[in-house]
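Open the model in your viewer and keep the selection tool ready. We will go from strands to helices and then to the whole domain.

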Amino acid sequence: MQALFIGQTYIDVTFITDHMPTGDEKHVAKAYAVSFGGNAVTAAFCCAKLGIVPDLIATVANDWLGRMFQDMSAKYGISIHPRKVNSSSLSFIMPKDGKRAIVRCRDDEHIHPFPLLNLGGCRALHIDGHQPDAAIHYAKLCREAGILTSLDGGGLRTNTHELLEFIDVAIVAERLCEQMDLTPEKMLEYLKSRGCRVGGITMGERGLLWYDETGAVHTLPALPIARERVLDTNGAGDVFHGAYVYSYLANPGKSWQDHFEFARAASTFKIQRLGNEAGLPTLADIEAVKQEFQIGRKKEFWD
């Protein structure tokens with residue numbers, strides 16, 4: 001095991017439409033994609049696509065969607081440590097104009113306790129707050145063992161405050177700021193107060209506001225991609241997380257500035273493609289994004 005990811009599994013159905021029917025009306029969508037979904041789950045697939053295959057504790061049901069998910073995992077060589085639920089979770093996602101509307105059907109009633117794994121050789125843990133009992137258990141174990149702990153703080157969970165005490169790198173969404181009634185600047189102070197070594201807030205087209213190990217605050221602007229090229233922003237944050245975890249594992253001597261720039265290129269690739277699987281970049285894809293935006297680049301985007 002090189003890394004362990006823990007999260008809630010979804011099957012995502014993403015479709016492009018300019019009209020949502022009501023009543024007995026029917027409408028034909030322009031395009032669709034079916035893929036794996038879930039914050040830490042998508043991040044795990046991204047890490048695997050880039051070349052470091054993690055283990056994944058994820059919810060799995062004994063139904064046809066659950067078997068579909070296991071087939072997807074096998075394709076990427078990801079070892080699934082299943083936590084059984086009665087039915088698979090499903091997301092219907094409608095991207096439009098750089099935003100996305102989502103309807104979710106979720107089963108997070110776990111039938112069994114989380115699996116106990118041997119962490120020998122593990123160098124990073126990434127969690128999204130789902131499966132809170134498993135998240136806190138492994139965060140504590142990894143902190144004691146000196147294994148990097150990373151959190152995708154997409155929203156407020158039952159034990160977010162306690163969990164942050166054991167997190168090294170906490171990258172949260174603006175939604176968490178809103179739920180906690182904190183400005184982005186106050187959120188950074190809060191993350192520092194919980195002992196997070198590196199912390200940040202993803203802000204979509206406004207980029208990343210973050211602080212490094214010294215406490216210094218930085219801004220990493222989003223790459224200036226033309227709006228007409230933005231097809232599907234759903235999953236971009238998950239790809240960002242998976243990419244920086246990969247970058248840390250592949251190049252532990254590099255700075256977090258480097259890891260986040262790598263992840264920014266990965267998420268820029270994602271938003272131009274429909275669905276999570278199509279949006280997973282290879283190393284060559286990330287290099288192509290970097291090369292494209294070096295042409296006529298503005299200094300503040302890279303230096």
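Start with strand β2 (residues 10-16) and strand β6 (residues 89-96): they run parallel, and five bridges join them. Strands here are DSSP runs (E, at least two residues), and helices are H or I runs of at least four, numbered from the N terminus. Now pick I11: its bridge partner in β6 is L90.

A word on the model. It is predicted, with local features needing pLDDT of at least 70 and side-chain atom pairs counting only at pLDDT 80 or more, while totals for chains, interfaces and linings use all residues. Residues are numbered from 1 along each chain as its sequence is written, and side-chain values use heavy atoms, without hydrogens or water.

Next, select the whole sheet. It is open, with four strands in the order β3-β2-β6-β7 and mixed pairing. Two strands pair if DSSP finds at least two bridges between them. Why do β3 (31-37) and β7 (99-105) stand at the edges? Each has a single partner strand, so one side of each is left without a neighbour in the sheet. From one strand to the next, the twist averages 20°.

Axes are lines fitted to C-alpha atoms, for helices over the stretch in contact; angles run from 0 to 180 degrees between N-to-C directions.

Move to helix α8 (residues 256-270). Of its 15 residues, 13 are buried (under 20% relative accessible area, 1.4 Å probe, protein chains only).

Finally, select residues 4-282. An unreviewed UniProt entry annotates them as "domain: Carbohydrate kinase PfkB"; such annotations may be inferred rather than shown by experiment. This stretch is 32% helix and 27% strand.

Note on methods:
Buried < 20%, exposed > 50% of the residue type's maximum accessible area, 1.4 Å probe, protein only.
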